[in-house]
Amino acid sequence: MQKKYDEYYKPAEDTLFLADSIQNEKGSTALDIGTGSGFLARILSGKFEFVVATDINFRALKKAHEIVENCICCNAADTLNCNFDLVVCNLPYLPSKEIADTAVDGLTDGLGVTTNIIKSASKVVRRNGKLVYLTSSLANYQELVRRTENLGFSVKIIAKKSLFFEELILVECVKL
Ligand SMILES: C[S@@+](CC[C@H](N)C(=O)[O-])C[C@H]1O[C@@H](n2cnc3c(N)ncnc32)[C@H](O)[C@@H]1O
C-alpha cells in the first residue's frame with residue numbers, strides 16, 4: 001500500500017558518505033535530486049552559485065525549503081530546462097515489488113526508479129559536468145553502471161563503504 005507522503009528521509013550514514021564526497025566540489029550550478037531533508041543541497045549551496053533541489057515527496061520539499069531556496073516537486077530533473085555542473089543523488093536503491101516508500105524502494109533489482117532518475121539527470125548535466133550518485137550492493141549496481149555508460153557518461157566507482165548488511169557504493173560519472 002502506498003504510504004502517505006507524511007515523512008521524509010532523515011540524513012543517515014549514506015547521506016553523510018555522499019556528503020563527504022562533495023566537500024571539495026565547487027562551481028556555478030548544482031542540482032540535488034531526491035533532496036529529502038535538503039541536507040546535501042544545503043552543503044552545495046555553500047559551494048555553488050545556484051543550487052536546485054528536487055523531490056517527488058512534497059512534504060520532504062517543505063522540510064528542505066527551510067534550509068534551501070530553490071525546491072521543486074517533480075520526478076528527478078524532468079521539469080528543469082537548464083544545465084548543471086554537478087548533479088548529486090542518494091538514490092532509492094532497495095529492490096522492491098512496489099513503491100511503498102519513495103525514500104528507499106527502487107523496484108526490481110533496485111533498478112527501476114534509479115534508471116528513471118539517471119535518465120532524467122543525464123539530460124541536465126552539462127558536457128564534462130559530473131553526476132555523483134550513491135547505490136548499494138543490495139541493488140544490481142553493475143547493471144546500473146552499464147546503463148549510465150549507455151547514457152553517455154564515463155563512469156567510475158570512487159568509494160565503497162561496508163555496513164553491517166550491505167556495501168554503499170559511490171559512483172562518479174562524467175558527461176562525455
Ligand atoms: C534515500 S532518500 C535520500 C534523501 C537525501 N538526499 C539524503 O541523502 O538524506 C531518496 C529521496 O529521493 C526521493 N525520490 C524518490 N524517487 C524520486 C523521483 N522519481 N524523483 C525525485 N525524487 C525522488 C525520495 O522521496 C527521497 O527523499
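Modeller: Helices and strands are runs assigned by DSSP and numbered from the N terminus. The model before us is predicted. Read along the sequence, its chain follows the pattern α-β-α-β-α-β-β-α-β-α-β-β, with five helices and seven strands.

Colleague: What radius of gyration does the chain have, and how does one judge that value?

Modeller: One compares it with the value for a compact globule of 176 residues, which would be near 16 Å; the chain has 15 Å, and this agrees. The C-alpha trace spans about 40 × 35 × 30 Å along its principal axes.

Colleague: In what order do the strands of the sheet lie?

Modeller: The seven strands form an open sheet in the order 3-2-1-4-5-7-6, and the pairing is mixed. Strand 3 (70-73) and strand 6 (153-162) are the edge strands, each pairing on one side only. On average, neighbouring strands are turned by 15 degrees against each other, direction ignored.

Colleague: In which sense do strand 1 and strand 4 pair?

Modeller: Strand 1 (residues 27-33) and strand 4 (residues 84-90) pair in the parallel sense, over four bridges. Within this pairing, Ala-30 has Leu-86 of strand 4 as its bridge partner. Helix 4 (residues 112-122) packs on the sheet and touches strand 1, strand 4 and strand 5, its direction making about 165 degrees with that of strand 5.

Colleague: Which residues of helix 4 are buried, and what covers them?

Modeller: A residue is called buried if 20 or more other C-beta atoms lie within 10 Å of its own, and exposed if 12 or fewer do. In helix 4 the buried residues are Val-113, Thr-114, Ile-117, Ile-118, Ser-120, Ala-121 and Ser-122. Their cover includes strand 1, strand 4, strand 5 and helix 5. For the chain of 176 residues, 43% count as buried.

Colleague: How many residues does the largest nonpolar core have?

Modeller: In soluble globular proteins, nonpolar side chains tend to be buried together. Here the largest nonpolar core has 49 residues, and those with the most contacts inside it are Leu-31, Ile-33, Val-51, Val-87, Cys-89, Ile-117 and Ala-121. If residues up to four places away in sequence are not counted, Val-87 touches Leu-31, Ile-33, Ala-121, Val-124, Val-125 and Leu-131.

Colleague: Where do the buried residues of helix 5 lie around its axis?

Modeller: Let us name them before placing them. The buried residues of helix 5 (residues 141-150) are Tyr-141, Leu-144 and Thr-148. They lie on the same side of helix 5 because they cover an arc of only 50 degrees around the axis. The face turned away from this buried side carries the exposed residues Gln-142, Arg-146 and Asn-150. Among the elements that cover the buried residues of helix 5 are helix 4, strand 5, strand 6 and strand 7.

Colleague: How many of the residues of strand 6 are buried?

Modeller: Strand 6 is hardly covered, as the count of buried residues among its 10 residues is one. Strand 6 runs antiparallel to strand 7, and nine bridges join them.

Colleague: Which residues deserve a second look for their phi values?

Modeller: Most residues other than glycine have a negative phi. Ala-76 has a positive phi, near 45 degrees, and is found in the loop between strand 3 and strand 4. Asn-128, in strand 5, has a positive phi of about 70 degrees although it is not a glycine. Just after helix 5, Gly-152 takes a positive phi of about 95 degrees.

Colleague: Are Ala-76 and Asn-128 buried or exposed?

Modeller: Ala-76 is buried because 25 other C-beta atoms lie within 10 Å. Asn-128 has 10 C-beta neighbours inside 10 Å and therefore counts as exposed.

How values were computed:
Residues numbered from 1 in each chain as written. Predicted model: local features only at pLDDT ≥ 70, side-chain atom pairs only at ≥ 80, totals over all residues. Core = buried A, V, L, I, M, F, W, Y, C linked by C-beta atoms within 7 Å. Contact = placed C-beta atoms within 7 Å. Pairing = 2+ DSSP bridges. Helix = DSSP H or I, 4+ residues; strand = E, 2+ residues; numbered from the N terminus. Axes fitted to C-alpha atoms, helices over the stretch in contact; angles between N-to-C directions. Arc of directions from axis to C-beta. Rg over C-alpha atoms; globule rule 2.2 N^0.38 Å.
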